Amino acid sequence: MSAITRDEVAHLARLSRLALADEELDHFAAQLDQIVGAVARVAEVAADDIPPSSHALPLTNVFRPDEVRPSLTPQQALSGAPAVEDDRFRVPRILGEEA
Amino acid sequence: MSLIHRTAAELGRLIATGEASAVEVAQAHLDRIAEVEPKVHAFLHVDPDAVLAQARAVDGRRAAGEPLGPLAGVPIAHKDVFTTADMPTTAGSKILEGWRPPYDATVTRRLREAGLVILGKTNLDEFAMGSSTENSAYGPTHNPWDLTRIPGGSSGGASASVAAYEAPLSTGTDTGGSIRQPAAVTGIVGMKPTYGGSSRYGLIAFASSLDTPGPFARNVLDAALLHEAFSGHDPMDSTSIAQPVPPVVEAARQASVEGLRVGVVKEFGGDGYQPGVLARFQEAVDLLESLGAKVVEVSCPSFAYALPAYYLIAPSECSSNLARFDAMRYGLRVGDDGTRSAEEVMALTRAAGFGPEVKRRIMLGTYALSSGYYDAYYGSAQKVRTLISRDFDAAFHQVDVLVSPTTPTTAFPIGERADDPMAMYLADLCTIPSNLAGNAAISVPCGLADEDGLPVGLQIMAPVLGDDRCYRVGAAVEKAFEDRWGGPLLKEAPAL
């Protein structure tokens, strides 16, 4: 198993949308490397013929009748929003400058 | 006896018969909160006026001749990871500071319907990730037995509030041991129901295949009453089990182990276990035998891999669940100065709003799920999960319940493991298997460790939907120990 490097943590932070400071990268690299080294033991017993479990109990799809029911009002749904405009969530730009 | 030292069952009876009003009971607990909170810090939010208004409503219903349930008017401390439309909900995180949810969790709604008086919201490790409550963005909670020590976690505010007599009952959630471990280290009762037995709707998600709401109380019957009050099928949770709640209250009253087969899990013991924990555990096993249980040793070899499997599965699910904190729809937003993109604002917000343990787990989960590593890490962990369920299945063919210490050690000092994640993770060694397999498990007090005089918990594990067995055995152990001790273990705790 590969060790977790500082560059790898920087990559994981980008994927995770976490703008980490340089000193955080160093700190997390050492800790994640230790944790990954310890949890990699699961591979010792994970033989090919064992089915994986995503859940403890057997799951089936659950359906309900397709009926209109009361739901949140726009005011309720927007009540915790950091910024609102015209009954909508106001967000920073999503596309690049040229778009 | 003062109202704060009563059991929940007694308080419910006093209120139903009119011997005490719900307002008096609420006021006694508010006074206690005001007295000890500066030392304990179990709560993140208490609004005395709102508490008294709830209590007045119960008194009004009684005056109008409406029938009241067994817990009507009984105060409860609610873990701040369940949404509450009339109170802030933070999950112990800065990213949700001041957030008022637009709806109640199913558990919250059922507490209200049962007439319970919600005293406030309790402290927790951020997003329920931790074993000490030190990961709360709002400061640690202190163990009432020794204020320099942790109250367990993640439901540390919940355990401390009940152990400090600030509330007779509290709610918790258990993803890897977050109810049982805090109960064990504060000398109270904590139950993880069967997965799907209690609703996750409105519970802020950490690891959805593991998260399970459950009760805390100072005795087994009270825990069963609360379990019954908020559990049961919920159409709003697609993993909720469409079956009746097991007869937990009846089982708690039955309190008998005569003829029951009890398995001692061989793998839980030895290195890493505190001698005083193992000594109290052995006494509990001997006690069970003396009460008429048939005790045998059982081997669950895959349990040795439960901790590493959990620390792949839980972070993987958390990395996905916590993606919803995107600074767009609710919660914190940082760095939106008109020049930055949504993605930059998202990354700045998440870096500012999440604490170190949450960041660690998000990145660990992102790693375990990334292509090239998926099979070796997440895939292997899912196979271990199958093996653990098979070990439980085989064990429950031989015995009715399994027992172990709840935790390898008593409460450790605040700060001792704060920046050593692997040491912290060991606190959940004995509790994690039941989360991976989804079965029921409870922790009940079984004495004080000789080395430090701190509480030790006995874990009783039962099959899926065998929750009543946990209560039946737990109540029998409790009764026998209290006869021996001359009262509950908590009376040994120092006065605050």
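Modeller: Before we start, helices (H or I, at least four residues) and strands (E, at least two) here are DSSP runs, numbered from the N terminus. Keep in mind too that this is a predicted model.

Biologist: Thanks! With that in hand, where does A:D86 lie?

Modeller: A:D86 sits in the loop of chain A that runs between β1 (84-85) and β2 (88-89). Its phi is near 50°, which is a positive value in a residue other than glycine.

Biologist: Speaking of peptide bonds, which residues does a cis peptide bond join?

Modeller: B:G153 and B:S154 are joined by a cis peptide bond, with omega at about 10°.

Biologist: Let's switch to annotations. Which residues does the UniProt "active site" annotation cover?

Modeller: The unreviewed UniProt entry puts its "active site" annotation on B:K79, B:S154 and B:S178. They are spread over 100 residues of sequence, yet they cluster in space, with a largest C-alpha distance of 11.3 Å.

Biologist: Where is the place of B:S154?

Modeller: B:S154 belongs to the loop between β3 (117-122) and α5 (156-163) of chain B. B:S154 counts as buried because it has 34 C-beta neighbours inside 10 Å. Leaving aside neighbours within four places in sequence, its contacts include B:S178, B:D125 and B:T133.

Biologist: What about B:K79, buried or exposed?

Modeller: B:K79 counts as buried, because there are 32 C-beta neighbours inside 10 Å. B:K79 is in strand β2 (residues 75-79) of chain B. Beyond four places in sequence, B:K79 is in contact with several residues, among them B:S155, B:S170 and B:T173.

Biologist: Which loop does B:H142 lie in?

Modeller: B:H142 is in the loop between β3 and α5 of chain B. B:H142 counts as buried because of its 23 C-beta neighbours inside 10 Å. The C-alpha atoms of B:H142 and B:V40 are separated by 4.8 Å, although the two are 102 residues apart along the chain.

Biologist: OK, zooming out. How is chain B divided?

Modeller: Chain B has domain 1 (3-259 + 439-492) and domain 2 (304-383). Taken over C-alpha atoms, the centres of domain 1 and domain 2 of chain B are separated by 29 Å. Their contact takes 20 residues from domain 1 and 17 residues from domain 2 of chain B.

Biologist: And which residues touch the most other members of the largest nonpolar core?

Modeller: Those are B:I76, B:V117, B:V189, B:A224, B:A309, B:L312 and B:I460, in a core of 184 residues. The core draws at least three residues from each of domain 1 and domain 2 of chain B. In general, nonpolar side chains tend to be buried together in soluble globular proteins.

Biologist: What is B:A309 in contact with, leaving aside its neighbours within four places in sequence?

Modeller: B:A309 is in contact with A:V42 as well as B:A381, B:V384, B:R385 and B:L436.

Biologist: Last topic: how many residues does the contact take from chain A and from chain B?

Modeller: The contact takes 46 residues from chain A and 57 residues from chain B. On the chain A side, α2(A) gives the most, with eight residues. By class, that side of chain A divides into 33 nonpolar, nine polar and four charged residues.

Biologist: What covers the buried residues of α2(A)?

Modeller: The cover includes α1 of chain A together with α10, α12 (356-369) and α14 (421-425) of chain B. The buried residues of α2(A) include A:F28, A:L32 and A:I35.

Key:
Residues are numbered from 1 along each chain as its sequence is written. Chains are lettered from A and ligands numbered from 1 in the order in which they are written. This is a predicted model: local features need pLDDT of at least 70, side-chain atom pairs count only at pLDDT 80 or more; totals for chains, interfaces and linings use all residues. Two residues are in contact if their C-beta atoms, placed from the backbone, lie within 7 Å. Ala, Val, Leu, Ile, Met, Phe, Trp, Tyr, Cys and Pro count as nonpolar, Asp, Glu, Lys and Arg as charged, and the others, Gly among them, as polar. Domain bounds come from an automatic or database domain assignment. UniProt positions are given in the numbering used here, feature names are shortened, and annotations may be inferred rather than shown by experiment. A residue is buried if 20 or more other C-beta atoms lie within 10 Å of its own, exposed if 12 or fewer, and partly exposed in between; C-beta atoms are placed from the backbone. A nonpolar core is a set of buried Ala, Val, Leu, Ile, Met, Phe, Trp, Tyr and Cys residues joined through C-beta atoms within 7 Å.
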